[in-house]
Amino acid sequence: MSKISDLQRCFQNDRIYYTGHAKFEMENEEFGLITDKEVFECIQAGQIIESYSDDKPYPSFLIFGHTINNRPLHCVCAYCQEDDLAIVVTVYHPDPEFWIDYKIRRK
């Protein structure tokens, strides 16, 4: 199975752990509050745009997706195979000043 499929399945089965940092960022997002529902929608429609294989304790992935209301979101998630758990490290509404089509970092 692919990592995005593993993460999507975890979200569908409510096997999700939000870090304190992720919850803080969601509540304090400069473009407006990000809900758990929006994170779910982002992951279900998402694609991995960056991989961080050296992250500890699990490799993580930057996922880009839109909510059903077409809000772009970035979500950094890790997958714990042992516990079959998606770990949400952070979530944010990407600033178009720093991203091309929300997928490529501007230099």
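1. Pro-59 is partly exposed, because its relative accessible area is 37%. On the scale used here, buried means under 20% relative accessible area, exposed means over 50%, and partly exposed lies in between, with a 1.4 Å probe and protein chains only. Pro-59 belongs to the loop between β2 and β3. Leaving aside neighbours within four places in sequence, Pro-59 is in contact with Tyr-52, Ser-53, Cys-77, Ala-78 and Tyr-79; contact means heavy atoms within 4.5 Å. Between Pro-59 and His-21 there are 38 residues of separation in sequence and 17 Å in space, C-alpha to C-alpha.

2. The model is predicted, so local features need pLDDT of at least 70 and side-chain atom pairs count only at pLDDT 80 or more, while totals for chains, interfaces and linings use all residues. Residues are numbered from 1 along each chain as its sequence is written, and side-chain values use heavy atoms, with hydrogens and water left out.

3. The overall architecture comes next. The protein contains 3 helices and 7 strands, and from the N terminus on its elements run α-β-α-α-β-β-β-β-β-β. The radius of gyration is 13 Å, close to the 13 Å that the globule rule gives for 107 residues, so the protein is as compact as a globular protein of that length. The radius is taken over C-alpha atoms, and the rule is 2.2 Å times the number of residues to the power 0.38. Helices (H or I, at least four residues) and strands (E, at least two) are DSSP runs, numbered from the N terminus. Along its principal axes, the C-alpha trace spans about 40 × 30 × 25 Å.

4. Several totals describe the chain as a whole. Of the 107 residues, 43% are buried. Among contacts between residues at least 6 apart in sequence, 50% join residues at least 24 apart. The protein exposes about 6,300 Å², and carbon and sulfur atoms supply 50% of this area; the areas come from the Shrake-Rupley method with a 1.4 Å probe, and for residues only the protein chains shown count as cover.

5. The interior deserves attention. In soluble globular proteins, nonpolar side chains tend to be buried together. The largest nonpolar core here has 20 residues, of which Leu-7, Phe-11, Val-39, Ile-43, Cys-75, Cys-77 and Val-88 touch the most other members. At least two residues of this core come from each of α1 (3-12), α2 (20-27), α3 (36-45), β3 (60-66), β4 (72-80) and β5 (85-92). Such a core is a set of buried Ala, Val, Leu, Ile, Met, Phe, Trp, Tyr and Cys residues joined through side-chain atoms within 4.5 Å.

6. Which residues of α3 are buried? They are Glu-38, Val-39, Glu-41, Cys-42 and Ile-43. The buried residues of α3 pack against α1, β1 (16-18), α2, β3, β4 and β5. Cys-75 has contacts that include Val-39, Cys-42 and Ile-43, when its neighbours within four places in sequence are left aside. Phe-61, Leu-62, Ile-63, Val-88, Thr-90 and Val-91 are also in contact with Cys-75.

7. Gln-8 lies in helix α1. Gln-8 counts as buried because its relative accessibility is 16%. Not counting residues up to four places away in sequence, Gln-8 touches Ile-43, Gln-44 and Gly-46.

8. Pro-72, in strand β4, is buried because its relative accessible area is 6%. Its contacts, leaving aside neighbours within four places in sequence, are Phe-64, Gly-65, His-66, His-93, Pro-94 and Tyr-102. Pro-72 and Gly-46 are 26 residues apart in sequence and 9.9 Å apart in space, C-alpha to C-alpha.

9. Most residues other than glycine have a negative phi, and most peptide bonds are trans. The peptide bond from Lys-56 to Pro-57 is cis, with omega near 5 degrees, and Pro-57 is found in the loop between β2 (47-52) and β3. Asp-14, although not a glycine, has a positive phi of about 55 degrees; Asp-14 sits in the loop between α1 and β1 and counts as exposed at 63% relative accessibility. Asn-70, also not a glycine, has a positive phi of about 70 degrees. Asn-70 is placed in the loop between β3 and β4 and is exposed, with a relative accessible area of 55%.
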